[in-house]
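Take a walk through the fold displayed here. We begin with confidence, then turn to helices and cores.

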Amino acid sequence: MSRAESRPSRRAFIGATGAVAATGITAGCESPAPRPSRPSSPASPTRVAPTGRHQAGITLPQPAQPNLLAVVADLGDAVAVGPLLAELGQAVHTLTAGTDPRLLGLPPGDLTVTIGVGPRLVRMADPSLPGAADLPHFSREQIAPQARGGDLLLQICAGDPLLLPVVASALLEQAGHRIRERWRQSGRRGPDIPVDKGISAPRNLLGFIDGIVGPHTTAEHRRHLWLAGPASVGGGTIAVVRRMELDLPRFTALSVADQEAVFGRRRATGVPLSGGTAAWDPDLGAKTPDGRYLVPADAHVRRASPHVAGVGLMLRRSYSTDAPHPGLLFISFQNDLRTFTNTLARMDDSDALLGFTTTTASATFLILPGFDRQHPLGAKTFH
């Protein structure tokens, strides 16, 4: 689906690099080479505070970090959910502050950890809460039982890829025998490409700018992204996580024009086939002089359009993958699961892009409201 990253109210990611001094080399054993000057280390990205009304790793930082590791796990039947979440939240504090010895000396930089709970745990707290519904099954799925659903999501993002397995190990060690890992997936994002003032998005493995349409303003975040209530979930959101394999050879065999017809956008610029700029909504009624739609009937932007599906906007924070197969770890955040399910139901039998995808993992999670030292993670939901 084509959905955009949102623009937060403040910038939370600053990249900087230090200068590297040249070193001299002289030949001969009697005259030693000058001592090389020590290169400056690149400055660490700005720290992203883990506390607040919302968890980090959703709208902050912007643009999203280039590296991700998602870990999905189950909880044992007798585990006290509230204390476990509180411990994990405290571990996030120490890890992002760089004071946790389990970081092994790595600077945390822009590390974020976003934690969600699956429908089974939500139903244990209150079956009426958002996030209590499981994802339905869709076509083009080849999902092993181990890769469908789950009780706990750990979304770990950072500029430094070395942090991801180290932080995952620390969090899993914190949970100990109380949880059992189901599956994990790492991913990367390419550089973000500006598509409008304050709006940018990366390319996916198919070469197209991925995630242009979505909530951008604070008002749109309130309307489409954040849960407004009850208090036990207010400030949280609903995540959908789906791992998809992409049929790169078959897609690559298409001409550029045919590839663009699949998406409904120009590959180089992201501009809709109906014209305008990349940030413009596609004109789904526009036709050629001989009566053909400029945006084909089965084009992705038409079938996934929120206006056509009659749903709200979803915030995309997806990552490309290369193992076990080239593909996409699709991640969307929305305050109503129907935003995703109704959209995919409309796409399921008629979206040209889905013909090049196979979904191999699927889950949904209630992303818990933000937390701080006085209000532990999950305390509002699991008393």
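Over which residues does pLDDT stay under 50, with 8 contacts beyond four places in sequence in the model? The stretch is residues 36–41. Here pLDDT is the predictor's confidence in each residue, from 0 to 100, and contact means heavy atoms within 4.5 Å.

This is a predicted model: local features need pLDDT of at least 70, side-chain atom pairs count only at pLDDT 80 or more, and totals for chains, interfaces and linings use all residues. Residues are numbered from 1 along each chain as its sequence is written, and side-chain values use heavy atoms, with hydrogens and water left out.

The mean pLDDT of the protein is 90, and 89% of its residues reach 70 or more. Residues 1–34 have pLDDT below 50; the model gives this stretch 91 contacts beyond near neighbours in sequence.

Now the overall fold. The protein has 9 helices and 11 strands. Both are DSSP runs, numbered from the N terminus: helices are H or I with at least four residues, strands E with at least two. Of the 383 residues, 52% count as buried. Buried means under 20% relative accessible area, exposed over 50%, and partly exposed in between (1.4 Å probe, protein chains only). Among contacts with a separation of 6 or more, 76% join residues 24 or more positions apart.

Next, the cores. A nonpolar core is a set of buried Ala, Val, Leu, Ile, Met, Phe, Trp, Tyr and Cys residues joined through side-chain atoms within 4.5 Å. The largest has 54 residues. Leu 85, Ile 115, Val 117, Leu 152, Val 167 and Leu 171 have the most contacts inside it. A second, separate core of 23 residues includes Val 72, Leu 153, Tyr 319 and Ala 363. Back at Leu 85, its contacts beyond four places in sequence include Ile 115, Val 117, Leu 368 and Phe 382.

Two helices pack together. The axes of α1 (residues 81–97) and α3 (residues 163–175) come within 10 Å and cross at roughly 145°. Axes are lines fitted to C-alpha atoms, for helices over the stretch in contact, and angles run from 0 to 180 degrees between N-to-C directions. In this pair, Leu 84, Glu 87, Leu 88, Ala 91, Val 92 and Leu 95 of α1 meet Val 167, Ala 170, Leu 171, Gln 174 and Ala 175 of α3.

Helix α4 (residues 218–225) has two sides. His 221, His 224 and Leu 225 are its buried residues. Seen down the axis, they fall within an arc of 95°, so they line one face of α4. The arc is that of the directions from the helix axis to the C-beta atoms. Arg 222 and Arg 223 are exposed on the other side. The cover over the buried residues of α4 includes β7 (237–246), β8 (315–316) and β10 (327–334). Glu 220 also lies in α4. Glu 220 counts as partly exposed because its relative accessibility is 26%. Glu 220 is 93 residues from Leu 313 in sequence, yet their C-alpha atoms are 8.4 Å apart.

Helix α6 (residues 256–263) buries Gln 259, Glu 260, Val 262 and Phe 263. They cover an arc of only 150° around the axis, which puts them on the same side of α6. Their cover includes α5 (248–252) and α7. Just after α6, Gly 264 takes a positive phi of about 85°.
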